[in-house]
Amino acid sequence: MGNSVSDWEHLPELCLLTVLEKIDEPISQVQFGAVSKYWHSLFNTFLDIKRQLSTNLVPMLMIPSKKRTTKRKLYSLQAKSKIAEIEFLKPYTWRYCGSCYGWLVTVDESFNITLSNPFKNLSIHLPQFDSMAYDSGHYTYKILKVVLSDDPLLHPNNFVVVVIYSVYGRLAFYRPCQENWIYIDVNEDQSLFLDILFHKGLVYAIGHYNNLVWFDVNGVKDDESSKPPKLNTLTKKFTVFKLILDNENGKLLEKKEVESIDGDKVFVGDNKTLAVSALNFPEGQPNSIYFTDDFIDRDAYEILGPRDIGIFHLKDGSLEKYYQFKNSHKDLSPYIWISPSKEYN
């Protein structure tokens with residue numbers, strides 16, 4: 001005996017909310033809410049729940065303090081009048097070379113890399129990195145960017161740290177099961193990497209010359225005699241693409257050039273690149289990229305301050321500011337996105 005429309009219309013609330021959670025496209029979620037008054041009410045309930053749970057999904061802008069080197073200010077995009085402060089265990093005045101899951105990454109003059117979580121007052125000391133004496137410039141810029149695959153608090157024995165290092169943008173990685181870093185051999189057209197992404201257990205590296213490669217760290221042995229993983233080239237040129245990957249092996253199936261990212265907002269800089277949906281950040285500018293940049297002299301590799309910040313709109317290529325740069329900060333460490341604990345939102 002078939003169910004009537006009325007039966008579907010009054011399914012249990014938990015059942016319908018579960019169905020709504022499985023719908024990925026925002027437009028389809030809106031269509032769900034248009035079925036009936038009851039479903040529209042559940043759609044609004046769903047939005048309220050998502051917004052409450054998303055308070056720690058939208059990163060905050062960490063701003064240096066001119067007066068105290070142990071303190072930083074946190075600027076909220078969701079509540080623009082709200083500025084919180086965060087205290088560090090020890091002074092740090094130079095650049096952070098990574099920000100992932102609330103962990104900040106620093107490197108000292110001996111190339112010891114440390115992960116620090118200021119919200120939990122925790123630190124993880126990683127093995128000493130190659131000194132790279134042949135590089136010029138300040139030591140904090142020899143480690144260009146550090147990205148984590150997972151939160152070490154949730155996966156203490158099963159996370160990957162990937163480093164982009166040297167002025168040539170080369171790659172290395174570390175796992176807790178290793179004693180030392182593993183450095184990846186690259187061809188001339190596979191260097192100058194700028195960013196790292198993780199997907200289905202694979203590592204994807206994006207290069208300065210619009211190249212995109214992937215490699216697998218899972219089959220690499222823990223001892224020093226192990227060969228580094230091979231880099232596999234996916235595509236050599238793109239502007240903004242949606243990459244459709246195989247769920248089983250992570251290989252590229254299709255790429256589509258897009259002018260829209262479904263209303264999402266992408267946060268880029270020295271942090272781990274992340275996307276926040278329109279539902280989780282309705283106050284933000286849709287189809288836009290929120291960026292921070294070190295604003296350094298690329299010839300002399302000298303820090304010129306956190307001046308290059310803004311929003312890039314994909315639709316028309318326009319730029320706007322989300323925070324007014326202060327001239328008093330021009331000689332301080334760059335601004336950086338950080339994902340805070342819920343109590344800071």
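Me: Which residue forms a salt bridge with Lys 145?
Reply: That's Asp 195, with the closest N and O atoms 2.8 Å apart. Keep in mind that this is a predicted model.

Me: Where do Asp 195 and Lys 145 sit?
Reply: Asp 195 is in strand β12 and Lys 145 is in strand β8, so the pair ties together parts that are 50 residues apart in sequence.

Me: Are Asp 195 and Lys 145 buried or exposed?
Reply: Both Asp 195 and Lys 145 are buried.

Me: How many salt bridges does the count come to?
Reply: The count is 2. Besides the Asp 195 pair with Lys 145, there's a salt bridge between the side chains of Asp 270 and Arg 95, at 3.2 Å from N to O.

Me: What does the pair of Asp 270 and Arg 95 tie together?
Reply: Parts that are 175 residues apart in sequence, because Asp 270 lies in the loop between β18 (265-268) and β19 (274-276), while Arg 95 lies in the loop between β3 (83-87) and β4 (98-100).

Me: And why do you call Asp 270 buried?
Reply: Because its relative accessible area is 9%, and buried means under 20%. Arg 95 counts as buried too, at 2% relative accessibility.

Me: OK, switching to strands. What's the strand order in the open sheet of 4?
Reply: It goes β8-β9-β10-β11, with antiparallel pairing. β8 and β11 (182-183) stand at the edges with a single partner strand each, so one side of each has no neighbour in the sheet.

Me: How many bridges join β10 to β11?
Reply: There are 2, linking β10 (residues 170-174) to β11 in an antiparallel run. Ala 172 has Tyr 183 in β11 as its bridge partner.

Me: Which residues touch the most other members in the largest nonpolar core?
Reply: Ile 113, Phe 129, Ile 143, Leu 171, Phe 173 and Trp 181, out of 38 residues in that core. Strands giving two or more residues to this core include β5 (103-107), β6 (112-117), β8 and β12 (193-199). The largest share, 5 residues, comes from β9. Apart from this core lies another of 16 residues, among them Val 58, Ile 309, Tyr 323 and Tyr 335.

Me: Last thing, the surface. Which residues make the nonpolar patch of about 280 Å²?
Reply: Leu 122, Leu 153 and Leu 154. Leu 154 is in the loop between β8 (143-148) and β9 (161-165), and at 64% relative accessibility it counts as exposed.

Notes:
Residues numbered from 1 in each chain as written. Predicted model: local features only at pLDDT ≥ 70, side-chain atom pairs only at ≥ 80, totals over all residues. Heavy atoms only, no water. Patch = residues over 30% accessible without salt bridge, like charges linked within 9 Å, V, L, I, M, F, W, Y side chains within 5 Å. Areas by Shrake-Rupley, 256 points an atom, 1.4 Å probe, with all protein chains shown as cover. Salt bridge = Lys/Arg side-chain N within 4 Å of Asp/Glu carboxyl O. Buried < 20%, exposed > 50% of the residue type's maximum accessible area, 1.4 Å probe, protein only. Pairing = 2+ DSSP bridges. Core = buried A, V, L, I, M, F, W, Y, C linked by side-chain atoms within 4.5 Å.
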